[in-house]
Amino acid sequence: MSGNLQKTETAQDIIDAAQHPMSEAWGMFRRDHAAMLALFVLLLVLIAGVAGPFVYPGDPFEMVWAPFTPPGEDGYVFGTDYLGRDLLTMLIYGARVSIAIGLAAALITVVIGITVGALAGFYKGWVEELLMRLTEFFQVLPTLLFSMVIVALFGATLPMITLAIGIVSWPPVARITRAEFLRIRELEYVTAARSSGVSDWKIMSRVILPNALPPIIVQAALMVGSAILFEAGLSFLGLTDPNVVSWGQIIGSNRQYILDSSYTVTIPGIAIFVTVLAISLVGDGLNDALNPKLRKR
Amino acid sequence: MPRILGIFQELTLTFLRATFFRSIYAVILLLAVLVLNFSMMHAAPGDVADTIAQSMGGADAEIMAQIRNDYGLDKPFLVQLGTYIGKVFHLDLGYSFFYNQPVVDLILERLPATLILVIGAQILALVVGVVLGVISARNPNGITSHLVTGLALFGYAAPVFWTGILFLLAFSLHLGWFPTSGMQDVTVEGGGWAHFVDIAHHSVLPILTLCSIYLALYSRLCRTAMLEVLGSDYVRTAKAKGLSTRQVVYKHALKNAVSPVITLAGLQFSAVISGAVLVEAVYSWPGLGTLAFQSIIARDTPTILGILFFSALVVVIGNLLTDLALRLVDPRVGGKQ
């Protein structure tokens with residue numbers, strides 16, 4: 001009798017000690033120094049983009065001082081560019097555009113990718129065949145070239161640029177989602193849900209998707225980085241909204257003057273590099289934290 | 001002996017059959033690409049007549065109607081699409097009014113310049129990437145291993161055009177080792193050899209820049225694959241047989257570790273022209289990427305369509321070649337089909 005009681009107590013202890021999977025993952029992530037540092041850097045960039053314009057007001061298009069003022073001179077931390085615009089102001093506004101486009105484009109890839117991958121992996125058969133052919137078709141398209149054409153033809157506005165990036169970038173997300181759905185749909189708890197008459201939609205969204213999410217989250221994080229690079233490439237080529245400043249566009253418009261002012265090219269490049277690097281390190285950290293099989297490493 | 005021949009024949013047969021079906025699928029894929037591209041260009045505001053009118057310095061409504069009639073732009077969309085696809089099957093990609101040249105000639109003229117970059121960068125990245133990957137896998141905590149990790153992070157996070165500009169700043173503007181732009185110096189005299197040396201000199205920085213993306217991917221993947229293979233049973237067996245480490249690594253393990261790298265290299269075909277656009281823009285390299293960029297800015301529809309089709313063709317052919325290469329390296333590939 002007392003032994004039995006003891007047993008239930010231990011079981012209760014285990015339940016009490018068990019953490020929510022997400023807080024367990026956070027615990028893992030917190031111990032990853034590189035990932036934590038990267039997260040800190042990302043937060044800084046985010047704060048610079050969101051609060052920067054209030055802390056350091058200015059118009060990124062306005063000529064404020066003599067062109068080619070080197071960094072640190074006359075109170076301009078990063079100097080001025082060939083038109084005498086304050087590079088720091090431009091970088092702050094550029095952070096907004098880069099992060100906004102990165103997040104929005106990644107959201108598009110995730111929405112399209114999860115939809116296509118989930119339907120393909122769940123229904124199999126001709127649905128899978130059709131959707132995977134569609135995915136392959138989009139992989140044949142030359143990514144940068146295709147989005148250059150879209151932006152040039154349909155207008156260089158931020159929503160169009162975001163859409164152009166999202167439309168060519170979703171196939172990897174679809175592939176990963178499909179693979180996870182194919183694996184999870186055969187597991188017992190899905191069979192259990194099915195046999196108790198749960199609708200297809202609910203099985204997909206409530207039963208399979210939450211369990212398929214970890215690799216998709218990691219991929220989505222990397223997608224934000226790729227989208228930022230992608231946008232930088234487009235705006236470097238001049239295929240960007242002329243009414244906003246972005247990091248790639250600063251490099252593109254200043255590159256003729258690198259002999260006079262190499263910093264106008266190196267500094268925005270460092271901004272892109274550090275941001276994307278931080279995203280990639282956070283992605284690595286998430287990968288380790290969300291993948292229990294790797295936890296022992 | 002006849003048995004071996006039989007197996008060989010069977011292998012060739014399955015291979016031919018697989019290639020046949022893949023080719024048919026490739027043609028369908030290309031058709032779909034044509035339809036999508038053509039519809040997209042059609043849906044966009046403005047057409048070829050506008051481009052022509054622009055190059056003439058403007059035209060009134062009557063002349064515009066005349067141009068549209070001449071080039072069949074007033075016909076229904078499906079008729080235009082059908083005509084275009086029919087022409088493409090006869091290797092006719094139309095005529096560029098911006099360059100005053102047939103698009104096929106234009107592409108073939110620019111192709112060699114891009115091939116120099118892409119092939120140079122791919123070979124360099126594959127060789128250096130595999131060597132770095134193998135060395136770092138044999139010594140996972142050594143300097144090379146950290147170098148590979150660093151390279152992979154840099155290659156992923158650094159925008160390729162920025163890497164290109166940094167190379168320009170360092171190696172041509174400050175050190176003066178390499179020319180800043182273009183593919184050749186028109187003032188260079190002498191025979192073919194001098195010419196070759198000149199182009200090689202110009203191509204060093206663009207090739208290194210393009211290589212930086214691939215190298216990061218290949219070295220990291222090769223390291224992972226090699227680590228996995230070195231831990232497998234057959235490698236232990238080979239070691240137990242008393243083979244030298246060198247033999248085990250280079251004869252037994254490397255072959256298997258290299259397969260995923262080849263697959264990845266094949267996948268890069270789709271990114272070939274995209275990567276070339278940015279690198280060529282940095283170095284004013286007269287290749288397909290520059291052509292693509294210029295034609296997009298000039299709204300030269302036939303050239304844009306031609307390049308989009310051509311790059312899809314490159315991807316499809318690249319996939320077939322990758323498959324072939326994998327079969328040569330790994331006989332298990334294709335056995336299932």
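Author: Two residues are in contact when heavy atoms lie within 4.5 Å of each other. The model is predicted: local features need pLDDT of at least 70, side-chain atom pairs count only at pLDDT 80 or more, and totals for chains, interfaces and linings use all residues. Residues are numbered from 1 along each chain as its sequence is written, chains are lettered from A and ligands numbered from 1 in the order in which they are written, and side-chain values use heavy atoms, without hydrogens and water.

Reader: How many helices and strands does chain B have?

Author: Helices (H or I, at least four residues) and strands (E, at least two) are DSSP runs, numbered from the N terminus. On that basis, chain B has 13 helices and two strands.

Reader: What share of the residues of chain B counts as buried?

Author: Buried means under 20% relative accessible area, exposed means over 50%, and partly exposed lies in between (1.4 Å probe, protein chains only). For the 337 residues of chain B, the buried share is 45%.

Reader: What share of the accessible surface of chain B belongs to carbon and sulfur atoms?

Author: The total for chain B, by the Shrake-Rupley method with a 1.4 Å probe, is about 17,300 Å². Carbon and sulfur atoms account for 68%.

Reader: Which residues of α12(B) meet α5(B)?

Author: The contact of α5(B) with α12(B) has five nonpolar, four polar and one charged residues. From α5(B) come B:L106, B:I107, B:R110, B:L111 and B:T114. Their partners in α12(B) are B:L288, B:G289, B:T290, B:L291 and B:Q294.

Reader: Which residues of α13(B) meet α6(A)?

Author: Helix α6 (residues 143-154) of chain A packs with helix α13 (residues 301-329) of chain B at an angle of about 155°, their axes being 10 Å apart. That angle makes α6(A) roughly antiparallel to α13(B). From α6(A), A:L145, A:F146 and A:V149 take part. In α13(B), they meet B:I304, B:I307, B:L308 and B:S311.

Reader: Which residues does B:A137 contact beyond its neighbours within four places in sequence?

Author: B:A137 lies in helix α5 of chain B and is buried, because its relative accessibility is 4%. Its C-alpha atom and that of B:V148, 11 residues apart along the chain, are separated by 10.0 Å. Beyond its neighbours within four places in sequence, B:A137 is in contact with B:R223, B:M226, B:L227 and B:L230.

Reader: Is A:S98 buried or exposed?

Author: A:S98 lies in helix α4 (residues 87-123) of chain A. Not counting residues up to four places away in sequence, A:S98 touches A:I228, A:E231 and A:W247. Its relative accessible area is 1%, so A:S98 is buried.

Reader: What is the phi of A:K124?

Author: A:K124 is found in the loop between α4 and α5 (125-140) of chain A. At 32% relative accessibility, A:K124 counts as partly exposed. Although A:K124 is not a glycine, its phi is positive, at about 50°.

Reader: What is the relative accessible area of B:S284?

Author: B:S284 lies in the loop between α11 (269-283) and α12 of chain B. B:S284 is not a glycine, yet has a positive phi of about 45°. B:S284 is partly exposed, because its relative accessible area is 45%.

Definitions and conventions: Axes fitted to C-alpha atoms, helices over the stretch in contact; angles between N-to-C directions. Parallel < 35°, antiparallel > 145°, perpendicular 65-115°, else oblique. Nonpolar A, V, L, I, M, F, W, Y, C, P; charged D, E, K, R; others polar.
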